[in-house]
Amino acid sequence: MAIVECRNLTRKYGKFTALDQVNLSIEKGKIIGLLGPNGSGKTTLIKLANGLLTPTSGEILIDGRKPGDKTKALCAYLPDRDCLPSYMKAESLLKLYGDFYSDFDRARAEKMLSELGIDMNKRMSEMSKGMREKIQLSLVMSRRALVYWLDEPIGGVDPAARDFILQTILTNYSREASVVISTHLIADVESILDDVVFLKQGKIVLHENADTIREKKQMSVEDLFKEEFRCSENISSGN
């Protein structure tokens, strides 16, 4: 059984359809790139999976269950915005996560934060945006979750730190779990992706193995993405 299953999943905001009859299965042990331009439905899908939104129609299942209290224990969610309280210190955040999540591995988090050179006694308000994002990712990846939902995990960090963050993602999830990464920085994450999902105007236009794309298309995932969405822009503009 798939860890994540979307069945005719639709979400509307008034007259605007963010997701349109999406059917998607995600198996365990995969790192999936959820790719598409702004407004394609990526963040909406992630929020639906984490129970922050409800479907207009259709359903999304996490390990066979609809999002709710039970699935929150299965999903680790990294939002696309910094949500760490500015008054808290890294040390306090470790305790908070340990109290809130029974699957939180404090030793793993401490190791990652140490490698990142984080001062455990500094408040979040004293940290740079990049440092706060590194802390947030370290906390999320220190859970022993079934699905990790990462919305733009490297968008706010400097290029020198991206390799470390990608290695953190690779080494800190179980092969019994899956990682879904939504990002615009395709070239930076392509090397760790097993599968890719292209979203366009709320619909899935491609769900394929990354190696298969390179072998069959003789191009990188990033180049295929550019071709796919450049074509759609030309059509919509009448060129």
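Which backbone oxygen does the side chain of lysine 42 reach? In this predicted model, the side chain of lysine 42 comes to 2.8 Å from the backbone oxygen of glycine 36. Lysine 42 belongs to helix α1, which spans residues 42–49. The residue is buried but forms no salt bridge. Glutamate 152 carries the nearest side chain of opposite charge, at a distance of 5.4 Å; a salt bridge would require a side-chain nitrogen of Lys or Arg within 4 Å of a carboxyl oxygen of Asp or Glu. When residues up to four places away in sequence are left out, lysine 42 is in contact with Leu34, Leu35, Gly36, Pro37, Ser182, His184 and Leu199.

Strand β8 comprises residues 195–200 and forms part of an open sheet of 6 strands with mixed pairing, arranged in the order β5-β6-β7-β3-β8-β9.

The pairing of β8 with β9 is antiparallel and extends over 6 bridges. Phenylalanine 198 lies opposite leucine 206 of β9. Helix α8, formed by residues 210–217, packs on the sheet and touches both β8 and β9. The direction of helix α8 makes an angle of about 85 degrees with that of β9.

Methods: Residues are numbered from 1 along each chain as its sequence is written. This is a predicted model: local features need pLDDT of at least 70, side-chain atom pairs count only at pLDDT 80 or more; totals for chains, interfaces and linings use all residues. Side-chain values use heavy atoms; hydrogens and water are left out. Helices (H or I, at least four residues) and strands (E, at least two) are DSSP runs, numbered from the N terminus. Buried means under 20% relative accessible area, exposed over 50%, partly exposed in between (1.4 Å probe, protein chains only). Lys and Arg count as positive and Asp and Glu as negative; His and the chain ends are not counted. A polar contact is a pair of N or O atoms within 3.5 Å; within protein, one must be able to donate a hydrogen and the other to accept it, and residues adjacent in sequence count only if both atoms are side-chain atoms. Contact means heavy atoms within 4.5 Å. Two strands pair if DSSP finds at least two bridges between them. Axes are lines fitted to C-alpha atoms, for helices over the stretch in contact, and angles run from 0 to 180 degrees between N-to-C directions.
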